[in-house]
Amino acid sequence: MVKAIESFGIPAVHVCTIIPISQTVGANRILPSVAIPYPTGNPTLTKEEELKLRKQMMIKALEALETKISEQTVF
């Protein structure tokens, strides 16, 4: 889906747990996530720690969107 969005000129970040798959499908901006069942969270953390983790991931994704790239990039 990331490639389809980008084909319209809209930059996108692929948040994923398995980076080689994202690279194979051609995602340009790749953000590694936590785990397959919890890509943007970690149930072993406290509520406050998990919110902090999610905020950090979203800030990183926004920074990835702002970054000009010329090839696939893992952030």
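Arg29 sits in strand 2, which covers residues 29-32. Strands here are DSSP runs of E with at least two residues, helices are runs of H or I with at least four residues, and both are numbered from the N terminus. The model is a predicted one, so local features need pLDDT of at least 70 and side-chain atom pairs count only at pLDDT 80 or more, while totals for chains, interfaces and linings use all residues. Residues are numbered from 1 along each chain as its sequence is written, and side-chain values use heavy atoms, with hydrogens and water left out.

Confidence comes next. The predictor's confidence in each residue, pLDDT, runs from 0 to 100. Its mean for the protein chain is 93, with 100% of residues at 70 or more.

As for the overall layout, the chain has 3 helices and 3 strands, and from the N terminus on they run α-β-α-β-α-β. Strand 1 (residues 13-16) pairs with strand 2 in the parallel sense over 4 bridges; strands pair if DSSP finds at least two bridges between them. To get from strand 1 to strand 2, the chain passes through helix 2 (residues 19-25), and this β-α-β crossover is right-handed. Right-handed means that, with the strands pointing away from the viewer, the path from the first strand over the helix to the second runs clockwise. One of the bridges joins His14 to Ile30 in strand 2.

Strand 2 also pairs with strand 3, again in the parallel sense, over 2 bridges. Here the chain crosses through helix 3 (residues 47-66), and this β-α-β crossover is left-handed. In strand 3, Thr73 is the bridge partner of Arg29.

Back to Arg29 itself: is this residue buried or exposed? Its relative accessible area is 10%, so Arg29 counts as buried (buried is under 20%, exposed over 50%, partly exposed in between, with a 1.4 Å probe and protein chains only). Across the chain, 24% of the 75 residues count as buried.

The side chain of Arg29 reaches the backbone oxygen of Ala64 at 2.8 Å. A polar atom of that side chain also lies 2.9 Å from the backbone oxygen of Thr67. Leaving aside neighbours within four places in sequence, Arg29 is in contact (heavy atoms within 4.5 Å) with residues including Glu6, Pro11, His14, Leu65, Ile69 and Phe75.

Conventions:
Polar contact = N/O pair within 3.5 Å; in protein donor to acceptor, adjacent residues only side chain to side chain.
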